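Reader: Before we discuss any assignments, please show me the model, and then let me ask how each of your terms was reached.

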Amino acid sequence: MILLDYHNRIIEDTLKARFNPENKPKPVDMSIVDFDGVSYHISTAEDNDAKLILSIRWKCWSELVQYGAMDVLKREYRQWITEPEHGYDFTLQFDIQNVGADPEDVIRKVSLLKRNAMAAPFERAFDAQSLAEKEENWDPSTSQLMTIHYRDGEAIYVQNQQDRVTVIFSTLFKEETDRVFAKVFLQEFVDARKKPHLQNAPQVIYSHREPPLEIRHVPGLLDSESMGYITFVLFPRNYAAGSIREETISRIQIFRDYLHYHIKCSKAYMHSRMRARVSDFLKVLNRAKPETQAAEKKLASGRAFRRP
């Protein structure tokens, strides 16, 4: 089991090479694909190789903007934001000869562009829950259900309550074996809370086909045997201000990719073990040579003898 990176490694490596003062500026034109259908475009300005442009395109961008993504992006990238490149949703531009005092920090921050854009609905839900917790007569109707359709047929639902924040993933399992593996994995998440040092972990609930109560009123939910719903119940201790909140946002974002990645790894491992076992059986069969018994002959007198 491994944890996937929160940042884009290709963007990180590309920026490290470009921001290195020992390297001469060169023209570049790269298209990069990330998890969840995200597309990036890294290029240099037509008239200046020292001007580096990074653009991102995502099908759920308008929903993220609706939930405050631009506020988060301005907070993180204010000095580099420029007009979006044609065909893309958001664009940053850098002068590689004047990056700043800490290029490593800039590189790390830029490689988290997708993560920071997706952080907006989570930050809004956490802040809303903190305010609701202070109200004596909180009105549940003021709770906002934020929906991010980040993949075809799949979505993330984030909703704040007075004492918690609920995050629901709808995900498609294309094969029956994927649903079986997912159930096994998610049962481990449930059982993990029984361990003393993990009792404060978020509650995880898995339901097959039937959506959780919080989203049953949402129109357009897919009614299919391939659909599964994973619910995380986050309490304030799980997203306390500071590094805990940032880590929670980062980890929960990649949960869907984490789950499907390990399902594929488990299937690949089982297939490799099956092939190894078949190979061992074939070796045993090839070594197994049946013993041939000498044919018994008889003389005219009736006495039997064996041919040497």
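Author: What follows is a set of questions about terms, each answered by setting a value against its definition.

Author: This is a predicted model, in which local features need pLDDT of at least 70 and side-chain atom pairs count only at pLDDT 80 or more, while totals for chains, interfaces and linings use all residues. Residues are numbered from 1 along each chain as its sequence is written, and side-chain values use heavy atoms, with hydrogens and water left out.

Reader: Why are α3 and α5 called oblique to each other?

Author: The axes of helix α3 (residues 69–77) and helix α5 (residues 113–133) cross at roughly 130 degrees and come within 8 Å. Such axes are lines fitted to C-alpha atoms, for helices over the stretch in contact, and angles run from 0 to 180 degrees between N-to-C directions. Angles under 35 degrees count as roughly parallel, over 145 as roughly antiparallel, 65 to 115 as roughly perpendicular and the rest as oblique. The helices α3 and α5 are therefore oblique to each other. The helices themselves are DSSP runs (H or I, at least four residues), as are the strands (E, at least two), and both are numbered from the N terminus.

Reader: What is the handedness of the crossing of α3 and α5, and which residues in α3 and α5 meet?

Author: The crossing of α3 and α5 is right-handed, a term used if the near helix is turned clockwise from the far one by less than a right angle, with left-handed for anticlockwise. On the α3 side, Ala-69, Val-72, Leu-73, Arg-75, Glu-76 and Tyr-77 meet Leu-113, Asn-116, Ala-117, Ala-120 and Glu-123 of α5, where contact means heavy atoms within 4.5 Å. The residues of this contact divide into 7 nonpolar, 1 polar and 3 charged, with Ala, Val, Leu, Ile, Met, Phe, Trp, Tyr, Cys and Pro counted as nonpolar, Asp, Glu, Lys and Arg as charged, and the others, Gly among them, as polar.

Reader: How do α5 and α7 pack?

Author: Helix α7 (residues 243–253) packs against α5 at an angle of about 120 degrees, with the axes 10 Å apart, and the crossing of α5 and α7 is right-handed. The residues in this contact divide into 6 nonpolar, 2 polar and 6 charged. Lys-114 and Glu-123 are among the α5 residues that meet α7, whose own contributors include Arg-245 and Gln-253.

Reader: What makes Lys-114 and Arg-245 count as buried?

Author: Buried means under 20% relative accessible area, exposed over 50%, and partly exposed in between (1.4 Å probe, protein chains only). Lys-114, placed in helix α5, has a relative accessible area of 13% and is therefore buried. Arg-245, which lies in helix α7, counts as buried because its relative accessibility is 14%. Leaving aside neighbours within four places in sequence, Lys-114 is in contact with residues including Asp-34, Asp-36, Trp-58 and Asp-257. With the corresponding neighbours left aside, Arg-245 is in contact with Glu-123, Phe-126, Asp-127, Tyr-239 and Ala-240.

Reader: Why are β6 and β9 said to stand at the edges?

Author: An open sheet of 5 strands, with antiparallel pairing, has the order β6-β7-β8-β10-β9. In this sheet β6 and β9 (203–208) each have a single partner strand, so one side of each is left without a neighbour. Two strands pair if DSSP finds at least two bridges between them. Strand β6 (residues 145–151) and β7 pair in the antiparallel sense over 5 bridges, and β7 pairs with strand β8 (residues 165–172) in that sense over 6 bridges.

Reader: How do you know that both faces of β7 are covered?

Author: In strand β7 (residues 154–160), 7 of its 7 residues are buried. Glu-154, Ile-156, Val-158 and Asn-160 lie on one side and Ala-155, Tyr-157 and Gln-159 on the other, and all are buried. In a regular strand the side chains alternate between the two faces of the sheet. Helix α8 (residues 255–287) lies across β6, β7, β8 and β10 (227–234), and runs at about 40 degrees to β8.
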